[in-house]
Amino acid sequence: MDKVREIQNENYMGFIIEDANMLLSNVLPIIEKGTTPGIIKGYLLKQNGKEKIIYNVNSFRNFYSDIRIMDEETFIRVLLSIPEVFHHIAVDTVFPLECISLDFRHFFYDPAERKIMTLAIPATTGLDPNKRRICENNIKFMMQRYISDSIFVNSQRCLAIYKDLADENISLEDLYRNILAGKYGAGISKERDYSALRPVFKLVPSNVANPVFLINKEKLIVGRSKASETEELLVLNVQGISREHSEIVFQNGQLFIKDLVSTNGTFVNDIKIFSDQYIPLKAGDRVRFSNVEYEVQFITYE
């Protein structure tokens with residue numbers, strides 16, 4: 001952790017990564033995938049020669065700060081979403097469980113969804129797999145503290161949850177299964193398989209007065225031609241755009257873009273791409289067709 005320095009204010013929380021290997025092996029895969037439920041995603045910022053990972057927390061509230069002003073139902077729902085989040089972290093294997101921050105300040109919740117959101121601090125590499133159990137016990141201990149510091153410490157449901165948290169033989173996954181079975185009378189009712197869902201993306205214009213464009217089909221042709229029944233067409237009647245300028249395809253949950261031998265080129269984050277290969281796209285990327293620029297944004301799952 002000596003190679004990671006924290007920066008924060010009321011609107012964001014960030015971390016300056018001093019080690020390039022740490023950045024490449026742990027941080028970038030998280031940002032690039034961007035689909036793990038329950039994780040506040042960050043974006044990469046380069047400033048003064050340092051790599052900074054910034055997490056926008058403006059729309060969330062700190063869970064620990066609010067536990068004394070919540071009603072019991074909200075408190076239990078948020079509390080029980082913690083095992084769900086860590087279940088998806090373990091299943092999706094985007095990053096090791098040990099790389100999640102176990103700090104009270106880093107557990108936020110969405111007031112509308114009443115679910116926990118966590119900040120990933122990918123500042124460790126090569127940890128012993130046996131440390132996972134220690135990490136799980138720390139999470140369980142934190143959940144116990146949330147209960148003991150709340151005003152619902154003596155309620156029947158909280159006592160039942162606390163008892164299971166204190167049992168060394170009950171893992172986080174066991175707790176997650178108990179929640180699915182409705183043992184505590186609140187929380188998630190069924191497991192959602194995010195791997196079977198398709199992420200929905202949109203193209204938001206950066207420098208033109210065009211409308212936002214939703215990517216609905218498996219293939220999107222950008223240019224001035226007519227699309228077939230299996231394709232979408234983003235028509236750009238602007239000087240410099242070729243008849244068939246670029247192609248965006250959706251495969252295996254990922255967007256890819258290829259230039260179609262256009263006259264003035266296709267650019268991703270100001271880098272011109274080749275016409276003979278597909279380049280992956282992720283949320284936050286800037287795509288430019290000649291001099292017309294769009295930003296790729298993630299919307300939801302369907």
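How many disulfides does a search of the whole structure find? The search finds zero, where a disulfide is a pair of cysteine sulfur atoms within 2.5 Å. Select Cys-135, which is buried at a relative accessible area of 5%, and then Cys-158, which is buried at 0%; here buried means under 20% relative accessible area, exposed over 50%, and partly exposed in between, with a 1.4 Å probe and protein chains only.

Before going further, please note that this is a predicted model, in which local features need pLDDT of at least 70 and side-chain atom pairs count only at pLDDT 80 or more, while totals for chains, interfaces and linings use all residues. Residues are numbered from 1 along each chain as its sequence is written, and side-chain values use heavy atoms, with hydrogens and water left out.

**The whole chain**

Of the 302 residues in the protein chain, 47% are buried. Among contacts in the protein chain with a separation of 6 or more, 56% are between residues 24 or more positions apart, a contact being heavy atoms within 4.5 Å.

**The sheet S5-S6-S7**

Select the three strands of this open sheet, whose order is S5-S6-S7 and whose pairing is antiparallel; two strands pair if DSSP finds at least two bridges between them. Strand S5 (61-62) and strand S7 (115-118) are at the edges, each with a single partner strand, so one side of each has no neighbour in the sheet. S6 and S7 run antiparallel and are joined by four bridges, and the bridge partner of Phe-108 in S7 is Met-117.

**The aromatic cluster**

Now show the rings of Phe, Tyr and Trp. The structure holds eight aromatic pairs, a pair being rings (for Trp the six-membered one) whose centres lie within 6.5 Å, with planes under 30 degrees apart counted as stacked, over 60 as edge-to-face and the rest as tilted. Phe-63 and Phe-75 form a stacked pair, 5.9 Å centre to centre with 25° between the planes. This pair links distant parts of the chain, with Phe-63 in helix H2 (residues 63-66) and Phe-75 in helix H3 (residues 72-92), twelve residues apart. Both Phe-63 and Phe-75 are buried. Phe-63 also forms an edge-to-face pair with Tyr-109, at 6.2 Å centre to centre and 70° between the planes, and this one links helix H2 to strand S6 (residues 107-110) across 46 residues. Ring pairs join Phe-63, Phe-75 and Tyr-109 to others, including Phe-86 and Tyr-146, in a cluster.

**Helix H6**

Move to helix H6 (residues 172-180), whose buried residues are Leu-172, Leu-175, Tyr-176, Asn-178 and Ile-179. Looking down the axis of H6, you will find these buried residues within an arc of 160°, so they line one face of the helix; the arc is that of the directions from the helix axis to the C-beta atoms. Gly-182 follows H6 and has a positive phi, near 80°.

**Strands S14 and S17**

Finally, select strand S14 (residues 266-268) and S17, which pair in the antiparallel sense over three bridges. On strand S17 (residues 286-289), Val-287 and Phe-289 make up the covered face, and Arg-286 and Arg-288 the uncovered one. In a regular strand the side chains alternate between the two faces of the sheet. Phe-267 stands opposite Arg-288, and the charged end of Arg-288 sits over the ring of Phe-267, 4.0 Å from its centre (the criterion is NZ of Lys or CZ of Arg within 6 Å of the ring centre and within 35 degrees of the ring normal).

Which residues does Gly-265 contact, leaving aside its neighbours within four places in sequence? They are His-245, Asp-259, Lys-272, Arg-288, Phe-289 and Ser-290. Gly-265 is in the loop between strand S13 (254-259) and S14, and is buried at a relative accessible area of 1%. Ser-290, in the loop between S17 and strand S18 (292-301), has a positive phi of about 60° although it is not a glycine, and counts as buried at 9% relative accessibility. Asn-269, in the loop between S14 and strand S15 (271-272), likewise has a positive phi, near 55°, but counts as partly exposed at 30% relative accessibility.

Note on methods. Helices (H or I, at least four residues) and strands (E, at least two) are DSSP runs, numbered from the N terminus.
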